[in-house]
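Please read the points alongside the coordinates.

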Amino acid sequence: MDAAFFRAWIAESAAVVESQRDHLTQLDAAIGDADHGINLARGFSAVTAALDQAATPTPGSVLRLAGSTLISKVGGASGPLYGMALRQAGKALGDAPDVDASALASALEAALAGVQKLGAAQEGEKTMVDALAPATSALAEALAEGASPADALSALSAAAEAGAQATISMQALKGRASYLGPRSVGHEDPGAASTALILRALRDVALRQAR
Amino acid sequence: MKKLINSPDTVVADALAGLAAAHPSLAVDVENKVITRSGGATAGKVGLVSGGGAGHEPLHGGFVGYGMLDAACPGEVFTSPVPDQMLAATIAVNGGAGVLHVVKNYTGDVLNFQLAAELAEDEGIEVAPVVVNDDVAVQDSLYTAGRRGTGATVFVEKIAGALAERAAPLGEVAATAREVNDRSRSFGIALTSCTVPAAGKPTFELGDGEIELGIGIHGEPGRTRAPLAPARDITAAALDAIEADMPLTGDLLVMVNGMGGTPLIELYLVYNEVSRYLAGKDARITRNLVGNYITSLEMQGFSVTVCRLTDSLTDLWDAPVQTPALRWGR
């Protein structure tokens, strides 16, 4: 996977976040302040513009620029958290012009570690971690079992979606939804939902390339 | 819902341009979303920076001026501002005596201010963050993001701002800011939700006969839903919640704050209920504010904030202030 692959992932993420913007806004209205869809759409639009203007010759540089742009443009909790995730992933990928699935797995682990260090969320607290953590594990396990990169990324995406669905029954212990206490139960977490969308975009780009 | 806007995407920029046009005392960088005093930084004075999502006006931009903030950083509506804004503000207000960051306790605000403070420290500027978490509606526990920063933010900005104006050192300004936060509690009630311009519809629905108790300032649902009741009972519910957490004794600073959509006639009516309620306690309201100070777009409702004053906090409250939203003594 080269820089073009990662730019395609970001472009696909931007497209899906834009098309799902109202859905994400609805999720965030139920247990938040109704700005998640708008914020991510704005952030990824800024990332797209930044990637158009800057040279990003390596996968690492693509993700680092994407992460810094999200931190600078999104605001809210999502900016720092998604921004840090992509920045840490980008740092883990270093300066290699091409990376394999195993390097990507390590990068996602670094992303998860960055998110958890900044936001202090564990699994089960109804946050983006509930999609990112199982997805990261699923990718690593699939690769360890000898799956092809495309199949491993399918496992990643499926785990992220299952994780996002699992947040429905959780009570929020972090973020704005936590103010609602038990009233947050019964609603999907918007951060977990958007994380699942972004990881599905990763799978889709990989599947397209594999054809 | 009808709004006085040109388009949802330009609300904040258009409003900032209006703020700039109306108040020559402010220097408003519309593009970078930083509001500072026209006169620039004051050498030797601790600079005060705050910020948060737009939609809470006059907080924070309306509180930039002598005796209060040196800079305010507005984010998108109900969205925390980005580190770049607070970094630029911190650099702009640095008078060589350090900078206080007044941070309302929301995950986004805390994270963005934290990233900004790290960047400012890299520039050699000493930053002291003070987190405001006065709202009693959320239980402060391991199981939540902690209590929200609401009305006490106004008190902190005024009192710490006054102390900074007296050239007090950063440590003392920060300690006093924390003292104000620790001595203040708030509770809010909504009759309606509000509509974020980009979302186009209310964040949640309240029926004609319903109110929401324990609301925040971002249009999100509160602690519980209850039936509409007379102002006396609603006000008592708010003050009961505060009293359960902090004794209502001694000299008190009380703010009855409109959430944006409630008329002044109702706010004064609520203030009457507050003063009747407190008349029955061992307390005297010695200072007050009634009006829109920390709003939530056009939400109908009010919040009440009570601060247990000391002589020195009273003196700082009384100190001159000259900002668009608060002005006395000058």
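1. In this predicted model, helix α4 (residues 152-165) and helix α5 (residues 170-182) of chain B have axes that come within 9 Å and cross at roughly 150°. An angle over 145 degrees counts as roughly antiparallel, and α4(B) and α5(B) are therefore roughly antiparallel to each other. The crossing in which α4(B) passes α5(B) is right-handed.

2. The α4(B) side of this contact consists of B:Ala152, B:Phe155, B:Val156, B:Ile159, B:Ala160, B:Leu163 and B:Ala164, which meet B:Glu172, B:Val173, B:Thr176, B:Ala177, B:Val180 and B:Asn181 in α5(B). Sorted by class, the contact of α4(B) with α5(B) has 10 nonpolar, 2 polar and 1 charged residues.

3. Residues making the contact include A:Pro134, A:Ala138 and A:Leu139 of α7(A), and A:Leu156, A:Ala159 and A:Gly163 of α8(A). The contact of α7(A) with α8(A) comprises 16 nonpolar, 1 polar and 2 charged residues.

4. Chain B also contains an open sheet of 6 strands with mixed pairing, in the order β9-β8-β7-β12-β10-β11. At its edges stand β9 (224-227) and β11 (283-291) of chain B; each has a single partner strand, so one side of each is left without a neighbour in the sheet. From one strand to the next, the twist averages 20°.

5. Within that sheet, β7 (residues 184-190) and β8 (residues 210-213) of chain B pair in the antiparallel sense over 2 bridges. Opposite B:Ala190 stands B:Glu212 in β8(B). Helix α6 (residues 231-243) of chain B packs on the sheet and touches β7, β8 and β12 (301-308) of chain B, its direction making about 150° with that of β7(B).

6. Which elements of chain B supply at least two residues each to the side that touches chain A? Contact between the chains involves 30 residues of chain B and 25 residues of chain A. The elements in question are β4 (71-77), α2 (83-93) and α3 (107-122) of chain B. Of these, α3(B) gives the largest share, 5 residues. By class, the side of chain B that touches chain A divides into 15 nonpolar, 11 polar and 4 charged residues.

Key:
Residues are numbered from 1 along each chain as its sequence is written. Chains are lettered from A and ligands numbered from 1 in the order in which they are written. This is a predicted model: local features need pLDDT of at least 70, side-chain atom pairs count only at pLDDT 80 or more; totals for chains, interfaces and linings use all residues. Two strands pair if DSSP finds at least two bridges between them. Helices (H or I, at least four residues) and strands (E, at least two) are DSSP runs, numbered from the N terminus. Axes are lines fitted to C-alpha atoms, for helices over the stretch in contact, and angles run from 0 to 180 degrees between N-to-C directions. Two residues are in contact if their C-beta atoms, placed from the backbone, lie within 7 Å. Angles under 35 degrees count as roughly parallel, over 145 as roughly antiparallel, 65 to 115 as roughly perpendicular and the rest as oblique. A crossing is left-handed if the near helix is turned anticlockwise from the far one by less than a right angle, and right-handed if clockwise. Ala, Val, Leu, Ile, Met, Phe, Trp, Tyr, Cys and Pro count as nonpolar, Asp, Glu, Lys and Arg as charged, and the others, Gly among them, as polar.
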